[in-house]
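Reader: I would like to learn how to read a few features of a structure. Please take them one at a time, with the general idea before the case.

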Amino acid sequence: MIKIIGVGKIKEKALQSCIDEYKKRITAFSKIEIVEVSDESIPANHSEKQDMIIKEAEGDKILSKIKDKDFMILLDLAGKSYSSEEIADKLGKIMTYESSQIVFVIGGSLGLSQKVIQRANMRWKLSDCTFPHQLCRLILCEQIYRAFTIMNHLPYHK
């Protein structure tokens, strides 16, 4: 089972349509669930202290959706970069030897709380580029689908 937890809602219909398409494709290999937790409003002239409070509140919402047995992969700019083939290999090993429940977490615009970072079993840097959280969700879905096609020796990945 794959679960993606993201802070905030997908607002653009075109992005949601693409995410839905990859979600449908992934179901050929695994159950998948996308969970949206609400983002906290950020004041115009916010302070570091307010940022910490917001990250803690969003982090608590994220953590409430994760079970102890879940293998949590945090999308994190401070994480490790992997090729598509390496991610396919990692996911295969996780599902075989560690947990049938893999949870991917995409934090909010201010980042992640220390509690969320500490809970992560793995930290994955999708790219050196910074993407909007909504686009990140689409890229993640595509990479999960690509990983399954690699694991199953299908021609999608070239």
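Author: Start with a cut-off: a residue is buried under 20% relative accessible area, exposed over 50%, and partly exposed in between. The model here is a predicted one. Phe29 has 28% relative accessibility, so Phe29 counts as partly exposed. Phe148, at 4%, counts as buried.

Reader: How are the rings of Phe29 and Phe148 arranged?

Author: A pair of aromatic rings is described by the distance of the centres and the angle of the planes. For Phe29 and Phe148 the centres are 5.4 Å apart and the planes are at 0°, so this pair is stacked. Phe104 and Trp124 form a tilted pair, with 6.3 Å from centre to centre and 55° between the planes. Because Phe104 lies in strand 4 and Trp124 in strand 5, the pair ties together parts that are 20 residues apart in sequence.

Reader: Which residues do ring pairs link into a cluster?

Author: The cluster consists of Tyr22, Phe29, Tyr145, Phe148 and Tyr156. In total the structure holds five aromatic pairs.

Reader: Which residues of helix 1 are buried?

Author: An α-helix has 3.6 residues a turn, so residues three or four places apart point the same way. In helix 1 the buried residues are Leu15, Ile19, Tyr22 and Ile26. They span an arc of only 65° around the axis, which places them on the same side of helix 1. Lys13, Ala14 and Lys24 are exposed on the other side. Strand 2 and helix 5 are what the buried residues of helix 1 pack against.

Reader: Which residues touch the most other members of the largest nonpolar core?

Author: In soluble globular proteins, nonpolar side chains tend to be buried together. The largest nonpolar core has 29 residues, and Ile4, Ile73, Phe104 and Trp124 touch the most other members. Helix 5 supplies the largest share of this core, eight residues. Beyond its neighbours within four places in sequence, Ile73 has contacts that include Leu91, Ile94, Phe104 and Trp124. A second, separate core has 14 residues, among them Ile5, Val103, Leu112 and Ile117.

Reader: Where is Ser38, and which side chain does the side chain of Ser38 join through a polar contact?

Author: Ser38 is in the loop between strand 2 and helix 2. The side chains of Ser38 and Lys61 are joined by a polar contact of 2.8 Å. Val7 is 31 residues from Ser38 in sequence, yet their C-alpha atoms are 5.9 Å apart.

Note on methods
Residues numbered from 1 in each chain as written. Predicted model: local features only at pLDDT ≥ 70, side-chain atom pairs only at ≥ 80, totals over all residues. Heavy atoms only, no water. Buried < 20%, exposed > 50% of the residue type's maximum accessible area, 1.4 Å probe, protein only. Helix = DSSP H or I, 4+ residues; strand = E, 2+ residues; numbered from the N terminus. Arc of directions from axis to C-beta. Contact = heavy atoms within 4.5 Å. Polar contact = N/O pair within 3.5 Å; in protein donor to acceptor, adjacent residues only side chain to side chain. Core = buried A, V, L, I, M, F, W, Y, C linked by side-chain atoms within 4.5 Å. Phe/Tyr/Trp six-rings, centres within 6.5 Å; stacked < 30°, edge-to-face > 60°.
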